[in-house]
Amino acid sequence: MKDPAKTRATQEDDRAESKRPRHIAIIMDGNGRWAQARDLPRIEGHRRGVETVRMVSETATELNIDAITLYCLSSENWKRPKAELEFLMHLLEQYLIEERRTIMDQGLRLKVIGRRDRLPENVITEMDKTLAMSESNPGTQLVLAIDYGGRDEITKVARELALEVAAGTLREDEISEELITARLYTAGLPDVDLMIRTGGDMRVSNFLLWQLSYSELWITDTCWPEFTRENFLTAIDDFALRQRRFGGLNVNE
């Protein structure tokens, strides 16, 4: 005979899981401010931020989140000082090498979105190795947005479609939201359900502009290096309490 209390608990767990976001995107902001507030060089904030990336990916795996996309480097970040950019590229290369065991142990599938042509060859080499190693993993898809810009992504797709229409291989009336979605860097991923931004700024900063159309936003003043597992779980719990109407109304309204 089934234990009624255990059955209820299982049902509650199932409901909680059903309300979790399938795809979480994070703007990892505040590394430099965190470091400067502690009289540390800005690069130390970036270094500490890698530990938070590890925590978030581990937690997403535990919760069976389908995908998590991290805004690592925007297309506008190239305006930063050369020394900081060189350190970021070194840190990225180091992450791609040193986190391979963690990625494999957690069953993460790595995906990288954004431009490749401005990245150093050594970074691309290590990136491709880690992508190949993890492509058959069954777990959470860890998406790194590197040299990424939302407007640039949409412009790229628009140009491709315009060329196809001009060549006669695509009709104008065949262009749909579904077709555009299938041409984006994030093709095959669900739309973003929850977008988290650390550091307190109230903007999306050219991040996943198409994919964030109906995302729930969760913004905290906490800077990325001090963003904790508890913060992450709070954001996910808050998402579960929100009413998502997608332009419609709830039956009781």
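1. Basis of the model. The structure is a predicted model, in which local features need pLDDT of at least 70 and side-chain atom pairs count only at pLDDT 80 or more, whereas totals for chains, interfaces and linings use all residues. Residues are numbered from 1 along each chain as its sequence is written, and side-chain values use heavy atoms, with hydrogens and water left out.

2. Confidence. The mean pLDDT (the predictor's confidence in each residue, from 0 to 100) is 91 for the protein, and 90% of its residues reach 70 or more. Over residues 4-12 the pLDDT is below 50, and beyond near neighbours in sequence this stretch has 1 contact in the model; contact means heavy atoms within 4.5 Å. Where pLDDT is low, the predicted coordinates should not be read in detail.

3. The sheet. An open sheet is formed by 6 strands in the order β3-β4-β2-β1-β5-β6, with parallel pairing. Strands (E, at least two residues) and helices (H or I, at least four) are DSSP runs numbered from the N terminus, and two strands pair if DSSP finds at least two bridges between them. Because β3 (109-113) and β6 (216-219) stand at the edges with a single partner strand each, one side of each is left without a neighbour in the sheet. Neighbouring strands are turned by 20 degrees against each other on average, direction ignored.

4. β3 pairs with β4 (residues 141-148) in the parallel sense over 5 bridges, and the bridge partner of I113 in β4 is A145. Helix α6 (residues 121-134) lies across β3 and β4 and runs at about 140 degrees to β3. Axes are lines fitted to C-alpha atoms, for helices over the stretch in contact, and angles run from 0 to 180 degrees between N-to-C directions.

5. The cavity. The whole structure holds 1 cavity of 30 Å³ or more. On a 1 Å grid over the protein atoms alone, a cavity is a set of points where a 1.4 Å probe fits but cannot get out, and a pocket is an open set with protein on both sides within 12 Å along at least five of seven lines; lining residues have an atom within 4 Å of a point. Grid points are joined across faces, edges and corners, and a volume is the space filled by probe spheres set on the points. R54, S57, Y95, E99, T102, I103, L108 and L142 line the largest cavity.

6. The largest pocket has a volume of about 710 Å³. Of its 30 lining residues, M28, N31, H46, Y71 and C72 are the closest to its centre. The second largest pocket has a volume of about 270 Å³, and E177, D191, W210, S213 and Y214 are the closest to its centre among 13 lining residues.
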